[in-house]
Structure formats: structure tokens, C-alpha cells
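Subject: Structure handover

Hello,

Here is the structure I said I would pass on. Please keep it open while you go through the notes below.

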Amino acid sequence: MTKKKGEIVAGILAPHPPHLVYAENPPQNEPKAECGWEELRWGYERLRRDLESIDFDVMLIISPHWQTYIGTHFIGVPHFESKSVDPVFPNLFRFDYTIDYDVALARAIHDEARSDGLVVKMMENPDFRVDYGTIVSAHMTRPQWDKPLVGISSQRSRHYYSVEVMQEQAITLGRATRRAIEASGKRCVLLASNSLSHRHFTTESDVPEDMSREHIYNHHQYLWDMQVIDLIRSGRSTELMDIMPEFVEQSVSEAEAGSLGWLISALDYPSFGADVYAYGTVIGTGNVVAAWFPGRAGEAVGAKTTPAGAGA
Ligand SMILES: [Fe+2]
């Protein structure tokens, strides 16, 4: 009997400012907020509602805050429990986490990537501390924490070489990821955990959730974000990848982590638009919550076994 082909059922741009978890007040996070960043949080809420109608097995994530300087690493430990404290915002994020990892799928992607010439490594340190970017994106997308993750590091070839080298490697990793998913038989949700423009304020107001202080850092950053969002909404993925290096340089974008390039490549350069749930700033950075649903567009990546059930 042949195994059912795996597929990507959703590809999500899922930014990770810890402020969003802080403002949600989940029981796992120690600091408590009055409110704040509603546009982004309600956007995530609408995304979660859409995901409810999609059957999936696992979430794969690249976070800019798990950085590796020699190759791409994959989490190879099945379970972690600890407390994550944001090094920049310890006043906002002290989060008790319990996370299961799909090590088999991680290893399959690792092997595919290695066969394509990437430098890769399975991360098997049982004392590893999961980064806050992974936790925030995963929590905002799926606060039930009922799906295992595949954790993939952000290899910093941008800093050793250039944005172009980073992007080439992200594209290769995306292709390898897609092949491994198809062979796995699993239904996967991919999370690119990054902001768009990333210039930010350097001082914090006395009340972090004081929204009278929240706005875009400057108009040029805003224009870059709008251009990128226009390409995302209209399914012009090739153009998006073409301008990505300049976007990263000009707006200090967190897409420098390779996460968005990986996502676009794994989705095989979707020609259908993503659903944009929200755009908003956090300490001046530009953040968009958006998702591509291949099943909804009738262009599933991988096998079309059953309707992806992407809902209305
Ligand atoms: Fe970040």
C-alpha cells in the first residue's frame, strides 16, 4: 500500500513580539497586562478561527531568535519544559512552556537539506532553552499547545556573507522541507516567525501597553511594509523574493532570518494571495499576520488527497 503524500495545509507569517502574549494574559505568562496591540491580537484570533477547520499534524517554525552561525540546526529532542524569559523585555515575558517536538520529521528535513548540500545538524542537547520567538508565534497561532513542533534554526549567513547568500540557502531549505513533508504523509502548518520592517524605539513608556505611544517608526518603513504586503496579498511571490534583499537592507527587516524566504520556497512560490489578518506596529516595528492556504486556492502543495478543509 502506498503511503499518502504529505502536504502543507497552511503557510503563515506569524510575527513574535512578546508584547502580544503579554497583552493576551495567558496563565503561562507571569506579567499581566491591562490590554494592548488589539489589531494584531484580534488578527491572530481570526487566523486561529480559520485554522480550526483545518486538520493538521504538526507546526514547523523558523524563529530569528534561535540563531546558528554554522549551518541550519533542527531540534532533535522530543520534549522540553522550562521558563522562557525575554532578554530584552523580561518585564513582559516570563513564560512557562511545555513543548513536544516531532523529531522524525525534523530528521527527514535535515537529511533532505544535507543531500542538497546545506550544512545541517540535529540539536540534541537536553538542556536547550527554547527561544521566545518560537514560543510567541506558536502560542499566538495555537494556544492549546496540542500540536508538536518542528524547530528549525535561523542560520546567519546574512552576517557572514550577504542577504543574497542567506536567501539562496533559505530557498534550498524550503525545497528540502517540502520534499520531506511530502514523503512524511503528514499535514503541516509552516510558521515564518518574523516582523517586516524592524526599526524600533529604544525607550519604553512607563506603561508598556500605553497605545498612545504606539505607531510606525517612520513613513519609509511603512511604505516598504505596504509594498511587501501588496505582493503577499496578490500572490506575486517571485517579485516578493526579488525585492527581499533590498527590503531587508532598507528596513532592517527581520526577514533577514530567512524564515519568510523559506516559507515562500516551501510553498513553491504561491501564485495565489495570502489572507492578511492584521497589520500593526509593536514598539514601532511593522508586523503582519497573514496565511496562505494552498487547499483553499485549489493549488495544494503536495498531494491533493482530500479537500484541505480550509473553510470559508
Ligand atoms: Fe524578534
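The file is a predicted model, in which local features need pLDDT of at least 70 and side-chain atom pairs count only at pLDDT 80 or more, while totals for chains, interfaces and linings use all residues. Residues are numbered from 1 along each chain as its sequence is written.

Overall fold

The secondary structure of the protein comes to nine helices and eleven strands; helices (H or I, at least four residues) and strands (E, at least two) are DSSP runs, numbered from the N terminus. The radius of gyration is 18 Å, close to the 20 Å from the globule rule for 312 residues, so the protein is as compact as a globular protein of that length. That radius is taken over C-alpha atoms, and the rule is 2.2 Å times the number of residues to the power 0.38. The C-alpha trace spans about 60 × 45 × 40 Å along its principal axes.

Of the 312 residues, 51% are buried. Here a residue is buried if 20 or more other C-beta atoms lie within 10 Å of its own, exposed if 12 or fewer, and partly exposed in between, with C-beta atoms placed from the backbone. Among contacts between residues at least 6 apart in sequence, 82% join residues at least 24 apart. A contact requires C-beta atoms, placed from the backbone, within 7 Å.

The largest nonpolar core has 83 residues, and the members that touch the most others are Ile12, Leu60, Ile109, Val150, Leu190, Leu191 and Val289. Helix H6 (residues 163–184) gives this core its largest share, seven residues. A nonpolar core is a set of buried Ala, Val, Leu, Ile, Met, Phe, Trp, Tyr and Cys residues joined through C-beta atoms within 7 Å. Not counting residues up to four places away in sequence, Val150 touches Val58, Leu60, Tyr101, Asp102, Leu105, Ala106 and Ile109.

Strands

Strand S2 (residues 58–68) is largely enclosed by the rest of the structure, because nine of its eleven residues are buried. S2 runs parallel to strand S7 (residues 149–155), joined by six bridges, and parallel to S8, joined by five. Strands count as paired if DSSP finds at least two bridges between them. Met59 has Leu149 as its bridge partner in S7, and Ile61 has Leu191 in S8.

His65 is also found in S2. His65 counts as buried, with 20 C-beta neighbours inside 10 Å. His65 and Ser154 are 89 residues apart in sequence but 7.4 Å apart in space, C-alpha to C-alpha. Leaving aside neighbours within four places in sequence, His65 is in contact with Asp131, Tyr132 and Gly133.

In S1, seven of seven residues are buried. S1 pairs with S8 in the parallel sense over six bridges, and Gly11 stands opposite Leu190 in S8. Three bridges join S1 to S10, and these two run antiparallel; Leu13 has Ala290 as its bridge partner in S10.

Helices

In helix H9 (residues 259–266), eight of the eight residues are buried, so this helix is largely enclosed by the rest of the structure. The cover over the buried residues of H9 includes S1, S2, S7, H6, S8 and H8. Asp268 follows H9 and has a positive phi, near 60°.

H7 has 15 residues, which at 1.5 Å a residue should span 21 Å; its end C-alpha atoms are 21 Å apart, which agrees. The expected span is 1.5 Å times one less than the number of residues. The buried residues of H7 are Gln221, Trp224, Asp225, Val228, Leu231 and Ile232. They cover an arc of only 125° around the axis, which puts them on the same side of H7; the arc is that of the directions from the helix axis to the C-beta atoms. Helix H8 (237–251), strand S9 (275–282) and strand S10 (285–292) are among what covers them. Just after H7, Gly235 takes a positive phi of about 70°.

A loop residue

Ser205 lies in the loop between strand S8 (187–192) and helix H7 (219–233). Ser205 is partly exposed, with 13 other C-beta atoms within 10 Å. Not counting residues up to four places away in sequence, Ser205 touches Asp210 and Arg213. Ser205 and Tyr222 are 17 residues apart in sequence and 22 Å apart in space, C-alpha to C-alpha.

Regards

Technical notes
Two residues are in contact if their C-beta atoms, placed from the backbone, lie within 7 Å.
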